[in-house]
Amino acid sequence: MQPNKRYTVTIIVYLTAMVLLVLLQILASVGCFAALSDEAVTIIGSILPQIVIMLLVPFLMLLFAQKIGGEPVSVRRIVEHVGWHRMSVKNVLLVFLLGICLYLLNIFVASFFGLILQSFGYQYPDNPNVFTGWGGLLITLLLTAVLPALCEEFLHRGVLLNGLIPQFGVTRAILLVSLLFGLMHMNAGQFFYATILGWFFCVTALSARSLWASVIVHFVNNALATYFSYAEELHLPGMNILNYLLSNPVLVILTLLVAVVAIAEILRHLARENFERNLDTYTVRYLASQNLFDASDFDQVKNALPRAIKSMPTWKATMAYIETFDVPKRSKPLPKALLWAVCVLGSVITILSLVWGTW
């Protein structure tokens, strides 16, 4: 599929998903699920938005786009496009560690923005665990950790990110996807930290060149949050560790420093390994972007690129490692208007949640 067509299809797919999510929220707000038990509402409220809206509908739309585009209908091509690539055992372990560090960082980020919102009168809704006991923990892990990790990552870091990169370049695509990921939650209480987490999820997927990387990080973050929400009820190990960390300013600073340094180094390692493994491809792309095609330039650039990037600061180097050197394409009016529609729709719902609370 041509880049402009892929971009248009991507925006249509994402706008469809966003509209369906809004409609689901409206149905919930007018009491369409009021007759159901809390357990049934929780299950439906996870399965419909995650499996149906964020996974099944986009997947079927991509297959349909192949058909109407005159291309062979291929599930494998979609899987490859969204980046379901294998990862080494070492990188899987590193990504699990990255997920733990991001969870620690997210605690402080969420607390910081939470205090700001509360100072303006925003009240976070009380969300007690619907399911209880060990069975409840397993069900909640499935609904709040496994499904979001698979379905939200498929839509955002798989379909959306890979569809926007050829149009906007890596840096702007990451920012757009992160913003839309925050808006997709459709409430002010989650917007800020979800946007920041979304940025890290994007960089993780691109650094490791695998959607599995962001899936694992997303799962670890949500799974740890679920674990600690059940810790007191089930007397789980480490149930007081977060309170202990947050009550000691010295530990807060040390934890933040360790988490930030570890996140930076893990991402840089993943990106550097991916870059070196695909160095020939990156060299060709760089030469093409500079309009250089002399064969003598290839070896020179191939040797110079890694050395130049290694001298950069960690974050700048990480972004350089994952840069594709593709020249962004010029947006056509229709997909550009649709992208604005997605942003405006998500923004309006998020702002309304600040006034009315979550539905």
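**Aromatic pairs**

I looked up tyrosine 321 and noted it as buried, because its relative accessibility is 1%; here buried means under 20% relative accessible area, exposed means over 50%, and partly exposed is what lies in between, with a 1.4 Å probe and protein chains only. I keep in mind that this is a predicted model, in which local features need pLDDT of at least 70 and side-chain atom pairs count only at pLDDT 80 or more, while totals for chains, interfaces and linings use all residues. Residues are numbered from 1 along each chain as its sequence is written, and side-chain values use heavy atoms, with hydrogens and water left out.

I describe a pair of aromatic rings by the distance of the centres and the angle of the planes. Rings of Phe, Tyr and Trp (its six-membered ring) pair if their centres lie within 6.5 Å, and planes under 30 degrees apart count as stacked, over 60 as edge-to-face and the rest as tilted. I noted tyrosine 103 as buried because its relative accessibility is 9%, and phenylalanine 228 as partly exposed because its relative accessible area is 22%.

I then returned to tyrosine 321, which forms an edge-to-face pair with phenylalanine 275, 5.3 Å centre to centre and with 65° between the planes. Phenylalanine 275 lies in helix H10 (residues 249-277) and tyrosine 321 in helix H13 (residues 314-322), so this pair ties together parts that are 46 residues apart in sequence. Phenylalanine 275 counts as buried because its relative accessibility is 0%. I also found that ring pairs join Phe112, Phe113, Phe191 and Phe192 into a cluster.

Histidine 156 is in helix H5, and I list it as buried because its relative accessibility is 0%. Its side chain is joined to that of tyrosine 14 by a polar contact of 2.8 Å, where a polar contact is a pair of N or O atoms within 3.5 Å, of which, within protein, one must be able to donate a hydrogen and the other to accept it, and where residues adjacent in sequence count only if both atoms are side-chain atoms. Not counting residues up to four places away in sequence, histidine 156 touches Tyr14, Leu161, Val177, Leu180, Phe181 and Met184, contact being heavy atoms within 4.5 Å.

Serine 178 is in helix H6 and is buried because its relative accessibility is 3%. I traced its side chain to the backbone nitrogen of tryptophan 199, reached at 3.1 Å. Apart from its neighbours within four places in sequence, serine 178 is in contact with Thr195, Gly198, Trp199 and Cys202.

**Asparagine 222**

I located asparagine 222 in helix H8 (residues 211-234), and it counts as buried because its relative accessibility is 17%. Its side chain reaches the backbone oxygen of threonine 144 at 2.8 Å and also makes a polar contact of 3.2 Å with the side chain of asparagine 221. With residues up to four places away in sequence not counted, asparagine 222 touches Thr144, Ala145 and Pro148.

Methionine 186 lies in the loop between helix H6 (170-184) and H7, and it is buried because its relative accessible area is 5%. Histidine 235 lies in the loop between H8 and helix H9 (241-247), and it is exposed because its relative accessible area is 62%.

Technical notes. Helices (H or I, at least four residues) and strands (E, at least two) are DSSP runs, numbered from the N terminus.
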